[in-house]
Amino acid sequence: MASSIRVRATSNGDITEVQALIQHPMDTGLVKDSKGEVIPAHFIQQLKFECNGKDVFIADWGTAVSKDPYVKFSFKGAKKGDELKISWTDNKGGSDTTTAKIA
Amino acid sequence: MKARIHLLLGSLSAALIAFTLTSPRVIAADKVDPVTDAKAFQNFFFQKFPNVKHEDFVNGPYSMNEDMKRQWQEKEEFPPYEFALDAGKEMFATPFKNGKTYADCFPNGGIGIRQNYPYFDTKEGKVVTLELALNRCREANGEAPYSYVKDEMASLTAYMAYTSRGKPMDIKIPDDPRALAAFENGKRYFYTRRGQMNFSCASCHVQSPGERIRAEILAPALGILNAMPIYRSEWSGMGTTSRRFVTCNSQTRAVPLEPQADEYRDVEYFLSYVANGLPISGPGARP
Amino acid sequence: MTTTTGPHPTRRLILQGAASVALLGLGNLPFGAISALAAANDKYPDEAFKLKNEADAIKALYGKTVEPSDKVKLDAPEIAENGGVVPISVTTTLDKVTSISFFVAENPFALAASYKIPDGTLPSIANRLKMAKTTNVTAIVEADGKLYSATKEVKVTVGGCGG
């Protein structure tokens, strides 16, 4: 299966802009399904970006982050071709990891 | 107002105009004339919204409201249909059990052809939509058909639309009375009021685009199918043209037809034909 | 993927509102991921995410007071096109920023997201949040150990018709 993580990381001189979209239901635990049963909470709790052995961004998320979450940030100190490692863990113990080259 | 009346009267007024020009082609007021209809349809929207660029109508409600347009542009930085698009691309390239692929079923290997659908199949004597053609392709290759409304079907059409982005809609109506009848039938379906709320498709999407119905901004009918399939935030997911028709009917408390019923195929034919010349913008993102 | 044509999750969230809040405790039970994270120093602030009230959540997350600042620029739509997906971004000219958090006052749980900003990362974030109804959204920037905020109201209206 394809990765749950889509990343675009583009270098613009000293600054690298990162956009990520992650496929995840981000269920709040407040919603019922068509049979009237509560869909248990299922959401990403932590999302990490590492570059050159250093954390460059850490997101702690609750259930109010939209389904298929999106985040955008920028950091300094990387260059084109460097690898960005992205990983997430959710409240049910699920996780995924991917790497992307900075373009 | 004048333009609206003109549009609502449809072919009658078209015939009247032709009459005043003493055209020799005028035979009866109910003659089916898609070329004139399409022109009147487009002019209605162009005159009603003089500030909207013609090619922008395919962006639906976002062409009508600045605040929403900004939210949309932010969404488009990493659009929510991205996953469906990737899935569709992969599915499209994956062979069936018999070794053939979707590409074998379509002209040009299925790439860059969205703007030619739906088309009138002179052998069958009916309109064939892209969604129908995809399921027929599956069945011809021994695969079970997909649901018409979402998931796989939306992913496949998302990919096919994506490869056709920017190409002008190019629907042909052959010189065949059955094709003209299908167009006319689709037009009739579009303008007929139905359901508990007594709305036609046109009540919202011709008379009131850009206005709010409850919280939402109505999309213009012109070019509405050019953006299909769409990721709707309201659905938290993708939906096809079939899904759009079904929900439109149920929201006005009418009884929806089965996806790919003849009437839906015909209304897709009508709506696509009158959007000829406007670019394919699918897959789209909508509120 | 929940792509049925039936009532969509966002609207259900709103209709059920506070009545279902008590149910959330159930969904939060599994702690496998949390205990794994606890070993690291970037611990997930589990308690803060469970608090309903904004002031309580701020206290649990930071334990200090907040002052409004015009150096925190919060960008949010006036009217959300859909409460399920509201684009929110923040940027600041403050120095020494170490974290940025988003609170949605009227949500069942006020804390929506909290971002750690390591040295070298710019204090500028865009994300998409859910909002149960018309609400104030607050961004809190932690800079040089102090908290600065900006707040904006977002109108959330969910219709059941057309689009």
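## Basis

Two residues are in contact here if their C-beta atoms, placed from the backbone, lie within 7 Å. The structure described below is a predicted model.

## Contact of chain A with chain C

The contact between these two chains draws 38 residues from chain A and 43 residues from chain C. On the side of chain A that touches chain C, β3 (44–51), β4 (54–61), β5 (70–76) and β6 each supply at least two residues. That side of chain A is made up of 17 nonpolar, 13 polar and eight charged residues.

Strand pairing also crosses from one chain to the other: β4(A) and strand β6 (residues 111–116) of chain C run antiparallel and are joined by four bridges. Opposite A:Asp60 stands C:Ser114, a residue of β6(C).

## Chain A

Chain A has seven strands and zero helices, and its elements read β-β-β-β-β-β-β from the N terminus on. Along the principal axes, the C-alpha atoms of chain A fill a box of roughly 55 × 25 × 20 Å. Chain A has 103 residues, and 49% of them count as buried. Among contacts in chain A with a separation of 6 or more, 51% are between residues 24 or more positions apart.

Strand β6 (residues 83–90) of chain A runs antiparallel to strand β7 (residues 95–101) of chain A, with seven bridges joining the two.

## Contact of chain A with chain B

Chain A also touches chain B, with eight residues from chain B and eight residues from chain A in the contact. On the chain B side there are three nonpolar, one polar and four charged residues.

## Nonpolar cores

The largest nonpolar core has 73 residues, of which B:Ala84, B:Ala158, B:Phe270 and B:Leu271 touch the most other members. Helix α7 (residues 151–162) of chain B gives this core its largest share, seven residues. Another core lies apart from it and has 67 residues, including C:Ile100, C:Ala110, C:Leu111 and C:Leu147.

Leaving out residues up to four places away in sequence, B:Phe270 touches B:Phe183, B:Gly186, B:Lys187 and B:Phe190.

## Helix packing in chain B

Two packed helices are described by the angle between their axes and the distance between the axes. Helix α5 (residues 82–93) of chain B packs against α7(B) at an angle of about 90°, and their axes are 7 Å apart. Angles of 65 to 115 degrees count as roughly perpendicular, so α5(B) is roughly perpendicular to α7(B). Residues of α5(B) in this contact include B:Ala84, B:Leu85 and B:Phe92, while those of α7(B) include B:Leu156, B:Ala158 and B:Tyr162. By class, the contact of α5(B) with α7(B) holds 10 nonpolar, two polar and two charged residues.

A second pair is formed by helix α8 (residues 177–191) of chain B and helix α11 (residues 262–273) of chain B, which pack at an angle of about 95° with their axes 7 Å apart. That angle makes α8(B) roughly perpendicular to α11(B). Among the residues that meet here are B:Phe183, B:Gly186, B:Lys187 and B:Phe190 in α8(B), and B:Val267, B:Phe270 and B:Leu271 in α11(B). The contact of α8(B) with α11(B) divides into nine nonpolar, two polar and three charged residues.

Definitions and conventions. Residues are numbered from 1 along each chain as its sequence is written. Chains are lettered from A and ligands numbered from 1 in the order in which they are written. This is a predicted model: local features need pLDDT of at least 70, side-chain atom pairs count only at pLDDT 80 or more; totals for chains, interfaces and linings use all residues. Ala, Val, Leu, Ile, Met, Phe, Trp, Tyr, Cys and Pro count as nonpolar, Asp, Glu, Lys and Arg as charged, and the others, Gly among them, as polar. A residue is buried if 20 or more other C-beta atoms lie within 10 Å of its own, exposed if 12 or fewer, and partly exposed in between; C-beta atoms are placed from the backbone. Two strands pair if DSSP finds at least two bridges between them. A nonpolar core is a set of buried Ala, Val, Leu, Ile, Met, Phe, Trp, Tyr and Cys residues joined through C-beta atoms within 7 Å. Axes are lines fitted to C-alpha atoms, for helices over the stretch in contact, and angles run from 0 to 180 degrees between N-to-C directions. Angles under 35 degrees count as roughly parallel, over 145 as roughly antiparallel, 65 to 115 as roughly perpendicular and the rest as oblique.
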